[in-house]
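Subject: Structure for your files

Hello,

Here is the structure I said I would pass on. My notes on it follow below.

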Amino acid sequence: MGEARRIVVKVGSSSLTTAAGGLDADRVDALVDVLAKVRGADREIALVSSGAIAAGLAPLGLRRRPRDLARQQAAASVGQGLLVARYTASFARYGVRVGQVLLTSDDMSRRAHHRNASRTLDKLLAMGAFPIVNENDTVATDEIRFGDNDRLAALVAHLVRADLLVLLSDVDGVYDGDPSRSGTSRLAEVRDMADLAGVDIGSAGKAGVGTGGMVTKVEAARIAAAAGIPVVLTSAVHAADALAGGDTGTYFHATGRRSADRLLWLQHASTPRGALVLDDGAVRAVVEGRKSLLPAGIAGVEGEFAAGDPVELRDGTGRAVARGVVNFDAKEMPRLIGRSTRELARELGPAYEREVVHRDDLVILHP
């Protein structure tokens, strides 16, 4: 951990705000003290920060996080400005400029937006600015209720080719039971997700102002680890120890290798626009043989989608076995179903002598 050169740090709402809502300036300054001292000529850090909605509660006279989307978005609109202003002022004590990057899940799933976000973050780091990333909660819909930025942090870590992801929360690691009860112990390492079999992972933070919990943090760690990025999950008060490579929190070893960006966003950030139902032979070819999906193996089409959209590939029972980028519009599919590419080329032209989903644009969900 101490040798990581490019690091993504994620901090949750509960580590930055009070339970009543509103930013805790001392907590923000304490985190910035750690981050500003760690970054330098040989270390780059990007921060994924929650807290916009929580920061906007008190200024709007809200006693607790609202359940309805409109008031959540209003709180985010007020709170995001306060959040970045607090970071800007705090980093200014060290002569560090802050750059704000607001993303939605849609930005991560659209390849052009994905590339633009990657270039922006790379350039901010190259120019010595400190990127502060957050979900754009003022326009997000279902994303606003997702995981308190945990999944976003894992995707950003892959996006910037990070050497380490540090997830900061109000709990100092994964425990083999309720950490508030005696007899439980912290898991120092997770070498494989099988190590967590039988472990009861909690689902709520103590402060009550965020949406994430240990479940979403472990899922984020799984995504990053599978993409070749080790993860440290610990509390915000132990941030300095985590960045120095100290024995703190739970360390998730990398379990896979870095994959192409498009495959990671396809599996974890894309929203399927429709579905293709496969016959048994096509399921075997795609899942076991890692083959492309041809028209002959399609038994049905669901939804409205355009060429270039992500779609689910389902077996006969309706289970999604894979996800891929489709090469045809939904309206074209009925005349392709069950037919060979050679036959289609003769009838419709050479443009139809190709895969419906190419194996290079396909990820397996259930082997």
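F328 and Y352 are both buried, where buried means under 20% relative accessible area, exposed over 50% and partly exposed in between, with a 1.4 Å probe and protein chains only. This is a predicted model, in which local features need pLDDT of at least 70 and side-chain atom pairs count only at pLDDT 80 or more, while totals for chains, interfaces and linings use all residues. Residues are numbered from 1 along each chain as its sequence is written, and side-chain values use heavy atoms, with hydrogens and water left out.

Rings of Phe, Tyr and Trp (its six-membered ring) are taken to pair if their centres lie within 6.5 Å; planes under 30 degrees apart count as stacked, over 60 as edge-to-face and the rest as tilted. That rule gives two aromatic pairs. One of them is F328 with Y352, stacked at 5.6 Å centre to centre with 15 degrees between the planes. F328 is in the loop between β12 (320-325) and α11 (341-348), and Y352 is in the loop between α11 and β13 (362-364), so the pair ties together parts that are 24 residues apart in sequence. Helices (H or I, at least four residues) and strands (E, at least two) are DSSP runs numbered from the N terminus. R354 lies over the face of F328, 4.5 Å from the ring centre; the criterion is NZ of Lys or CZ of Arg within 6 Å of the ring centre and within 35 degrees of the ring normal.

Now the sheet. Eight strands form an open sheet with mixed pairing, in the order β3-β4-β2-β1-β5-β7-β8-β6; two strands pair if DSSP finds at least two bridges between them. Its edge strands, β3 (98-103) and β6 (189-190), each pair on one side only. Helix α7 (residues 214-226) packs on the sheet and touches β1, β5, β7 and β8 (250-252), its direction making about 160 degrees with that of β7. Contact means heavy atoms within 4.5 Å; axes are lines fitted to C-alpha atoms, for helices over the stretch in contact, and angles run from 0 to 180 degrees between N-to-C directions.

Strand β5 (residues 164-169) has six of its six residues buried. L164, V166 and L168 point one way, and L165, L167 and S169 the other. β5 pairs in the parallel sense with β1 (residues 6-11) over five bridges, where I7 is the partner of L164 and V8 that of L165. β5 also pairs in the parallel sense with β7 (residues 231-235), over five bridges, and S169 stands opposite S235 there.

Regards
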